[in-house]
Amino acid sequence: LALICYDCPICQLLLPIDPNESLFKPCCMKRVCKGCVLAAYKRGIKDCPFCRTTMPEKSQVLAMVRKRVDAGDPMAIYDLGTKYDFGEYGLVKDVTRAVELYDRAA
């Protein structure tokens with residue numbers, strides 16, 4: 001889901017296949033190419049290059065994602081699934097829960 005023909009929401013170019021060449025921003029649930037991140041940084045923008053929200057602390061990211069999940073955002077649901085799938089942000093690795101969330105996001 002995360003790499004299937006998505007465009008950078010800023011420059012509208014296709015995102016690279018290599019996920020290391022783009023960054024997922026939990027504040028707006030957007031994947032932005034590193035070219036746009038670099039361009040924003042060079043212009044003095046240290047916040048999210050898409051929504052301009054101050055970058056959250058790691059402890060705040062999970063709460064932001066859960067808030068978007070409660071609102072029914074499919075990208076947030078998918079992202080929470082990956083957090084369960086890999087046991088990130090203090091969540092216990094739970095593949096069954098991850099699959100439920102992936103299914104719900106689809």
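Leaving aside neighbours within four places in sequence, Pro9 is in contact with Lys30, Arg31, Val32 and Phe50. Contact here means heavy atoms within 4.5 Å. Pro9 lies in the segment before S1. At 23% relative accessibility, Pro9 counts as partly exposed. The scale behind that word is simple: buried means under 20% relative accessible area, exposed means over 50%, and partly exposed is in between, with a 1.4 Å probe and protein chains only. Pro9 and Cys36 are 27 residues apart along the chain, and their C-alpha atoms are separated by 9.5 Å.

This is a predicted model, in which local features need pLDDT of at least 70, side-chain atom pairs count only at pLDDT 80 or more, and totals for chains, interfaces and linings use all residues. Residues are numbered from 1 along each chain as its sequence is written, and side-chain values use heavy atoms, with hydrogens and water left out.

**The whole chain**

The chain has four helices and two strands. Their order from the N terminus is β-β-α-α-α-α. Helices (H or I, at least four residues) and strands (E, at least two) are DSSP runs, numbered from the N terminus.

How does the chain compare with a compact globule? With 106 residues, such a globule would have a radius of gyration near 13 Å; the chain has 14 Å, which agrees. The radius is taken over C-alpha atoms, and the globule rule is 2.2 Å times the number of residues to the power 0.38. Along its principal axes, the C-alpha trace spans about 40 × 30 × 25 Å.

Of the 106 residues, 33% count as buried. The accessible surface comes to about 6,800 Å², and 55% of this belongs to carbon and sulfur atoms. Those areas come from the Shrake-Rupley method with a 1.4 Å probe; for residues, only the protein chains shown count as cover. Among contacts with a separation of 6 or more, 33% join residues 24 or more positions apart.

The chain has 16 positive and 13 negative charges, and their mean positions are 7 Å apart. Lys and Arg count as positive, Asp and Glu as negative; His and the chain ends are not counted. Each charge is placed at NZ of Lys, CZ of Arg, CG of Asp or CD of Glu.

**Two cores**

In soluble globular proteins, nonpolar side chains tend to be buried together. A nonpolar core is a set of buried Ala, Val, Leu, Ile, Met, Phe, Trp, Tyr and Cys residues joined through side-chain atoms within 4.5 Å.

The largest nonpolar core has 14 residues. Val65, Val69, Ile77, Leu80, Tyr84, Leu91 and Leu101 have the most contacts inside this core. Helix H2 (58-70), helix H3 (74-86) and helix H4 (95-105) are the elements that give two or more residues to it. H3 gives the largest share, five residues. Take Ile77: not counting residues up to four places away in sequence, Ile77 touches Val69, Gly72, Leu101, Arg104 and Ala105.

A second, separate core has five residues, including Cys8, Leu15, Val32 and Cys33. Leu15 sits in the segment before strand S1 (22-25). Leu15 counts as buried, because its relative accessibility is 12%. Neighbours within four places aside, Leu15 is in contact with Tyr6, Asp7, Cys8, Ser22, Arg31, Val32 and Cys33.

Cys28 lies in the loop between S1 and strand S2 (30-33). Is Cys28 buried or exposed? With a relative accessible area of 8%, Cys28 is buried. Beyond four places in sequence, Cys28 is in contact with Cys48, Phe50, Cys51 and Arg68.

Asp70 gives a contrasting case. This residue lies in helix H2. Its relative accessible area is 69%, so Asp70 is exposed.

| Pair | Apart in sequence | C-alpha to C-alpha |
|---|---|---|
| Leu15 and Val32 | 17 residues | 7.7 Å |
| Cys28 and Ala76 | 48 residues | 9.2 Å |
| Asp70 and Leu15 | 55 residues | 27 Å |

**Backbone notes**

Gln12 has a positive phi of about 65°, although it is not a glycine. Gln12 lies in the segment before S1. Arg52 also has a positive phi of about 65° and is not a glycine. Arg52 is found in the loop between helix H1 (34-42) and H2.
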